Amino acid sequence: MQHVFLLSAYETTAMAFFERLKAEGTELVLDVRLNNSSQLCGFTKMKDLAFFVPQLTGAVYIHDLELAPTKGLLELYTHKRIDWEDYAAEYLRLLRERRGAALYHARYDDYRSVCLLGTGTKKRRSHNEILLSAIR
C-alpha cells in the first residue's frame with residue numbers, strides 16, 4: 001500500500017524539510033506547485049530540489065503541472081477573491097476535467113512513499129490537500 005503525505009515548501013528549514021523526507025522513507029517528491037522557480041521559493045526552487053532531493057534522500061523529484069492549479073484559479077485564491085471552499089471546489093473540478101486521479105495512479109502508483117509538495121502556510125492552505133483526498 002502506498003504512503004502519501006503532504007509537505008509544504010514554505011515556513012520550513014532545509015534541515016526540517018529533508019529530515020522529514022528521510023523519516024517518511026520518501027521515494028518520490030511530487031511537486032504540484034504551479035510556481036516553483038522564483039527567489040521566494042528559497043531552497044525549494046525546482047532546479048535546487050531536482051539536485052538536492054536525489055543527493056540527500058535518494059528519492060526522485062518530479063514537477064507535474066497537470067496536477068497543479070491554473071494560474072487564474074491560484075491568483076483568485078491567493079489574492080483573496082475566493083475563499084478556501086470555492087478554491088477547493090474549483091480545483092477539484094479541474095482535477096476531474098484533467099482526469100487527475102487516474103493520471104496520478106498511472107504515473108506514480110509504483111512509488112511506495114510519495115510526498116505531495118505544496119505551498120501551505122499557517123495562513124493559507126494548499127491544493128495538495130485536495131489532491132491527496134482525490135487520489136485516495
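Mentor: Leu-73 touches Ile-82, Tyr-87, Glu-90 and Tyr-91, leaving out residues up to four places away in sequence; contact here means heavy atoms within 4.5 Å. This is a predicted model, in which local features need pLDDT of at least 70 and side-chain atom pairs count only at pLDDT 80 or more, while totals for chains, interfaces and linings use all residues. Residues are numbered from 1 along each chain as its sequence is written, and side-chain values use heavy atoms, with hydrogens and water left out.

Leu-73 lies in helix H3. Helices (H or I, at least four residues) and strands (E, at least two) are DSSP runs, numbered from the N terminus. Leu-73 counts as buried because its relative accessibility is 10%. The cut-offs are these: buried is under 20% relative accessible area, exposed is over 50%, and partly exposed is in between, with a 1.4 Å probe and protein chains only. The C-alpha atoms of Leu-73 and Ile-130 are separated by 14 Å, and the two residues are 57 residues apart along the chain.

Leu-94 can be described in the same terms. Its place is in helix H4, and Leu-94 counts as buried because its relative accessibility is 8%. With residues up to four places away in sequence not counted, Leu-94 touches Ala-68, Pro-69 and Thr-70. Between the C-alpha atoms of Leu-94 and Asn-128, which are 34 residues apart along the chain, the separation is 13 Å.

In general, nonpolar side chains in soluble globular proteins tend to be buried together. A nonpolar core is a set of buried Ala, Val, Leu, Ile, Met, Phe, Trp, Tyr and Cys residues joined through side-chain atoms within 4.5 Å. The largest such core here has 24 residues, and those touching the most other members are Leu-30, Leu-67, Tyr-104, Leu-116 and Leu-131. Two or more residues of this core come from each of E2, helix H3 (71-78), helix H4 (84-98), helix H5 (100-108), E4 and helix H6 (128-135). H4 gives the largest share of this core, six residues. Apart from this core lies another, of 13 residues, with Leu-7, Leu-21, Ala-59 and Leu-117 among them.

Neighbours within four places in sequence aside, Tyr-104 is in contact with Gln-2, Val-4, Leu-30, Leu-67, Asp-109, Val-114, Leu-116 and Ile-135.

Next comes E4. Strand E4 covers residues 113-118, and six of its six residues are buried. Ser-113, Cys-115 and Leu-117 point one way from E4, while Val-114, Leu-116 and Gly-118 point the other way. Two strands pair if DSSP finds at least two bridges between them. Strand E1 (residues 3-8) pairs with E4 in the parallel sense over six bridges, and His-3 stands opposite Ser-113 in E4. Strand E2 (residues 28-31) also pairs with E4 in the parallel sense, over four bridges. There, Leu-28 has Val-114 as its bridge partner in E4.

Charged side chains come next. A salt bridge is a side-chain nitrogen of Lys or Arg within 4 Å of a carboxyl oxygen of Asp or Glu. By this rule the count is nine. One of these salt bridges joins Glu-27 and Arg-112, with the closest N and O atoms 2.5 Å apart. Glu-27 lies in the loop between helix H1 (14-23) and E2, and Arg-112 in the loop between H5 and E4, so the pair ties together parts that are 85 residues apart in sequence. Glu-27 is partly exposed, with a relative accessible area of 21%, whereas Arg-112 counts as exposed at 60% relative accessibility.

Glu-66 and Arg-107 also meet in a salt bridge, at 2.5 Å from N to O. Glu-66 is in the loop between strand E3 (60-63) and H3, and Arg-107 is in helix H5, so this pair ties together parts that are 41 residues apart in sequence. Glu-66 is partly exposed at 37% relative accessible area, and Arg-107 is partly exposed at 39%. Asp-64, Glu-66 and Arg-107 are linked in a network of salt bridges.
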